[in-house]
Amino acid sequence: MLAKLRQFLSYQLTIAELLGIALVLGIPYLAVGLVWSSTHTAHLYELRGADLVVSFLGSIVAWPVLLVANVCMT
C-alpha cells in the first residue's frame with residue numbers, strides 16, 4: 001500500500017498537463033460563478049464604477065461561499 005502511494009505521489013506532470021487541468025476545472029467553476037452573480041445582483045444597485053466591477057468579479061470567484069451564506073440566512 002505504501003509503495004503504491006509513493007508511486008502515485010512521485011508522478012510528474014508537464015506544464016501543459018497542469019494548464020489543461022486548470023482549464024478543465026476552471027471553466028465550469030467560472031461559468032457557474034457567472035450565472036450565480038448574474039442572478040444575485042441585489043447588492044450591486046448602489047455601487048458605481050470600480051466598486052461595481054470589483055464586487056461583481058469577487059462574487060464570480062467567491063460563489064461557493066456566497067451560496068452557503070445565502071442558504072444559512074434563511
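At 57% relative accessibility, A50 counts as exposed, and this residue is found in helix α3. Here "exposed" means over 50% relative accessible area, "buried" means under 20%, and "partly exposed" covers what lies in between (1.4 Å probe, protein chains only). Helices (H or I, at least four residues) and strands (E, at least two) are DSSP runs, numbered from the N terminus.

Before going further, a word on the background. This is a predicted model, in which local features need pLDDT of at least 70 and side-chain atom pairs count only at pLDDT 80 or more, while totals for chains, interfaces and linings use all residues. Residues are numbered from 1 along each chain as its sequence is written, and side-chain values use heavy atoms, with hydrogens and water left out.

**The chain as a whole**

What does the secondary structure of the chain come to? It comes to 4 helices and 0 strands, and the elements run α-α-α-α from the N terminus on. The C-alpha trace spans about 55 × 30 × 15 Å along its principal axes. The radius of gyration of the chain is 19 Å, whereas a compact globule of 74 residues would have one near 11 Å. That radius is taken over C-alpha atoms, and the globule rule is 2.2 Å times the number of residues to the power 0.38.

Of the 74 residues in the chain, 9% are buried. The chain exposes about 6200 Å², and carbon and sulfur atoms supply 76% of this area. Accessible areas come from the Shrake-Rupley method with a 1.4 Å probe, and for residues only the protein chains shown count as cover.

**Where α2 and α3 meet**

Now for a pair of helices. Helix α2 covers residues 15-39 and helix α3 covers residues 49-61; their axes come within 7 Å and cross at roughly 130°. The axes are lines fitted to C-alpha atoms, for helices over the stretch in contact, and angles run from 0 to 180 degrees between N-to-C directions. α2 and α3 are therefore oblique to each other. Angles under 35 degrees count as roughly parallel, over 145 as roughly antiparallel, 65 to 115 as roughly perpendicular and the rest as oblique.

Which residues meet here? From α2 come Y29, L30, G33, L34, W36, S37 and S38, and they meet F56, S59, I60 and V61 in α3. Contact means heavy atoms within 4.5 Å.

Two of these residues deserve a visit. S37 sits in helix α2 and counts as buried, at 1% relative accessibility. Leaving aside neighbours within four places in sequence, S37 is in contact with F56, S59 and I60. I60, in helix α3, also counts as buried, at 10% relative accessibility. With neighbours within four places in sequence set aside, I60 is in contact with L30, G33, L34 and S37.

**Residues with more open surroundings**

Is Q7 buried or exposed? Q7 has its place in helix α1, residues 2-9, and at 55% relative accessibility it counts as exposed. L57 lies in helix α3 and counts as partly exposed, at 47% relative accessibility.

**Distances across the chain**

The table pairs separation along the sequence with C-alpha to C-alpha distance.

| Pair | Apart in sequence | Apart in space |
|---|---|---|
| A50 and I60 | 10 residues | 15 Å |
| L57 and E46 | 11 residues | 16 Å |
| I60 and Q7 | 53 residues | 37 Å |
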